[in-house]
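Here is a short note to read beside the structure. Keep the 3D view open and take the points in order.

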Amino acid sequence: MGIDSSWIIPYSDEYEGRVVHRRGNSLKIYDRKEECDDDDNYTRNAESQAATDQKEEQHQRLDISEIDLHTVEGEESVPYVVLVQGPPNVGKSLLIKSLVKFFTKHHLNDVRGPVTVVSGKHRQLQFVECPNDVNGMMDAAKYADLVLLCIDASYGFEMETFEFLNLLQAHGFPDVIGVLSHLDKIKDEGKLLHTKKRLSRQFWNEIYDGAELFYLSCLDNGMYMEDQIHNLATFISVMKINPLSWQTAHPYLLVDQFEDVTSPEREHIDKKCYRNIGMCGYLRGSNLKRGTKVHIAGVGDFPLYGITSLADPCSSRSAAKMRVTDKERLFYAPMSSHGDLLYDKDAEYIDELNDLNEIEGFRAGTYLKLEVRDIPFEMTKNIDPFCPILVGGISLEEENIGYMQARLKRHSWHIKLLKTREPIIVSVGWRRYQTRPIYAQEGGGSRLHRIHYTPKHADCLAMFWGPLAPPGTGFVAVHNLAGNKAAFRISATGFILDFTQAAEIVAKIVKKRKQVGTPLKIFKKTALIKDMFTSDLEIDWFKGVAIQTARGVRGNVKKAAKKELVRKIKNKGDQPTERIASCSFQHEISLSDEVFMRVWKQVGELKDSLDKDDPARRQRTIEQRRAVVFMDMKHRSGNIMPICEEYQFKRRPKEVLFKKEKGKQEIPQCTRRPKGCEVV
């Protein structure tokens with residue numbers, strides 16, 4: 001259905017300073033000269049403009065279906081986080097550099113930390129390169145507004161891509177755009193066309209039918225081709241980006257500037273003393289009120305000592321006063337040595353500060369500086385600019401620790417079944433921590449039956465002790481944090497069902513237990529059984545319960561034996577005791593038989609599955625800095641997870657291809673998938 005260009009223009013506040021026309025099935029955006037005195041020049045039609053500049057027309061044509069016209073309804077003040085994700089050597093840094101050059105006309109030497117650019121009159125974009133370690137991908141899936149999923153067309157989908165898609169699914173699944181790179185390595189035209197179709201079908205199968213997919217091939221002066229980058233950059237500049245529910249319900253920052261403000265005297269006395277740090281970034285999500293605690297990913301929960309509102313270092317409002325055709329645009333990347341603002345000398349630049357409302361707090365979009373005290377020195381020592389720091393606000397409810405009940409399913413690509421009480425690392429909400437869950441399945445009534453292992457192809461319940469998260473919050477579980485040693489690092493996914501600080505959830509979990517006893521005296525089909533019960537009162541509780549011998553003779557518990565009868569039977573010198581039960585059997589048994597009874601017993605407490613102390617204070621290495629692990633618990637219990645031999649292989653062995661099973665088709669686009677695995 002066609003759209004008249006006269007209907008588009010009144011809603012084109014997003015393109016203030018430019019003229020928008022529709023021609024055929026494409027939407028054309030023209031730059032408007034501010035120095036023009038003739039008002040008729042502002043409404044030139046597309047045909048006259050195309051005649052004057054055919055090359056610009058070819059580069060600035062965009063399909064109308066790729067633009068959400070509702071993005072121009074309101075002014076956007078918070079930079080959208082555009083996450084560039086992909087396996088190693090797929091071209092993530094080169095893609096960010098090419099996009100930055102397109103928007104700012106400046107070359108970025110290194111991509112370190114968030115890079116903020118002004119992409120339009122009322123839109124800012126913040127590009128972030130996703131790390132390939134598990135912790136970095138977990139955090140990135142929580143703060144990303146838009147994901148550029150980079151895929152090596154000459155190799156196909158890789159394991160890191162599938163792992164990250166599972167993380168996105170558990171944490172909300174933001175908008176995803178596919179980017180096929182290294183197309184120039186495929187020389188044959190027929191093979192190139194077949195590869196595009198095959199990868200497109202698989203990408204749509206993983207995301208949704210018709211998901212946007214862009215192609216990047218050869219390079220020009222070390223950057224991707226301008227026309228290819230132009231199409232991608234124009235699309236992400238005008239598309240509608242929907243925020244996630246978890247993000248809108250919590251305040252959070254993606255740190256783009258970090259500073260250690262500890263006094264030198266304190267460091268001189270003790271080099272390993274707790275540090276005071278300052279972190280700067282754009283406030284996103286909900287408002288941040290004074291007194292709110294924050295969670296620094298991989299470090300722990302901390303109160304805010306100070307909050308300062310700063311001028312926006314990359315304001316779209318200041319860019320609105322600049323001409324679109326200016327070569328210099330605003331961009332801000334302090335970790336990449338681009339902390340200064342770039343602006344036109346003739347343009348007016350205005351710093352606007354958001355006022356603090358004591359009731360509402362700091363509003364989203366404000367550029368803040370947070371001061372936090374008593375941070376473990378390992379964080380400042382091992383700070384990595386290539387791994388962005390996520391700071392998330394937590395509610396009063398989430399500050400508590402208690403029991404949580406969740407629905408969990410083991411990933412079908414994970415090699416091992418999950419065992420009850422086996423330590424796993426859980427990523428839920430802003431946090432990552434280690435816990436030892438108990439798995440169960442629904443039984444009769446309100447009773448939950450504990451199981452030793454998770455089912456192979458079905459979900460189950462998981463109960464664990466940890467920091468509380470609201471019901472409906474998704475989570476991901478992994479077994480270890482090794483960089484590239486696991487075949488598939490995602491162990492399970494699930495979501496929170498309920499939580500409480502009381503032990504009522506654990507009281508519902510029971511397990512089968514076998515109580516064993518031996519005959520003391522036999523009277524034909526009746527026998528006195530000892531060592532099965534702890535008291536006469538317990539015998540009364542189990543009246544009528546079925547019992548059985550090892551040979552298969554069945555019976556029932558009748559009552560507690562009389563003490564007078566027990567004294568006569570006991571040998572001289574033995575103390576008279578209770579705990580002797582009178583039981584009846586179908587047939588006569590012998591004194592050598594063992595009698596057992598199957599009962600349900602509560603599993604007990606879960607509190608030992610979580611260390612009460614702050615785990616961040618015991619982190620020693622870079623790998624441990626970005627994960628909340630509990631070293632003391634692991635050393636006390638001896639549950640240090642070994643690395644299996646089958647995990648010891650590279651994640652991208654191009655020369656190795658897995659053999660297909662009989663009756664199954666070969667899947668060439670994921671050559672590193674474990675044998676026999678199925679797509680989730």
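Predicted model: local features only at pLDDT ≥ 70, side-chain atom pairs only at ≥ 80, totals over all residues.

1. Strand β5 (residues 115-118) and strand β6 (residues 124-129) run antiparallel, joined by four bridges.

2. Strands of a sheet pair through backbone hydrogen bonds, either parallel or antiparallel. Here the sheet is open and has seven strands, with mixed pairing. The order is β9-β8-β7-β4-β6-β5-β18. Which strands stand at the edges? They are β9 (213-215) and β18 (331-332). Each has a single partner strand, so one side of each is left without a neighbour in the sheet.

3. Next, a helix pair. Two packed helices are described by the angle between their axes and the distance between the axes. For helix α4 (residues 92-104) and helix α8 (residues 226-238), the angle is about 75° and the axes are 10 Å apart. Angles of 65 to 115 degrees count as roughly perpendicular, so α4 is roughly perpendicular to α8.

4. Look at the residues where these helices meet. From α4 come L95, S98, L99, F102 and F103. From α8 come I229, H230, L232, A233, T234 and S237. By class, this contact has seven nonpolar, four polar and no charged residues.

5. How many cavities of 30 Å³ or more does a search of the whole structure find? It finds five. The largest cavity has a volume of about 60 Å³. Its lining includes W246, E398, W430, R431 and Y433. By class, that lining has nine nonpolar, one polar and two charged residues.

Notes
Residues numbered from 1 in each chain as written. Heavy atoms only, no water. Axes fitted to C-alpha atoms, helices over the stretch in contact; angles between N-to-C directions. Helix = DSSP H or I, 4+ residues; strand = E, 2+ residues; numbered from the N terminus. Parallel < 35°, antiparallel > 145°, perpendicular 65-115°, else oblique. Contact = heavy atoms within 4.5 Å. Nonpolar A, V, L, I, M, F, W, Y, C, P; charged D, E, K, R; others polar. 1 Å grid on protein atoms, 1.4 Å probe; cavity = no way out; pocket = protein on both sides within 12 Å on 5 of 7 lines; lining within 4 Å. Points joined across faces, edges and corners; volume = space filled by probe spheres on them. Pairing = 2+ DSSP bridges.
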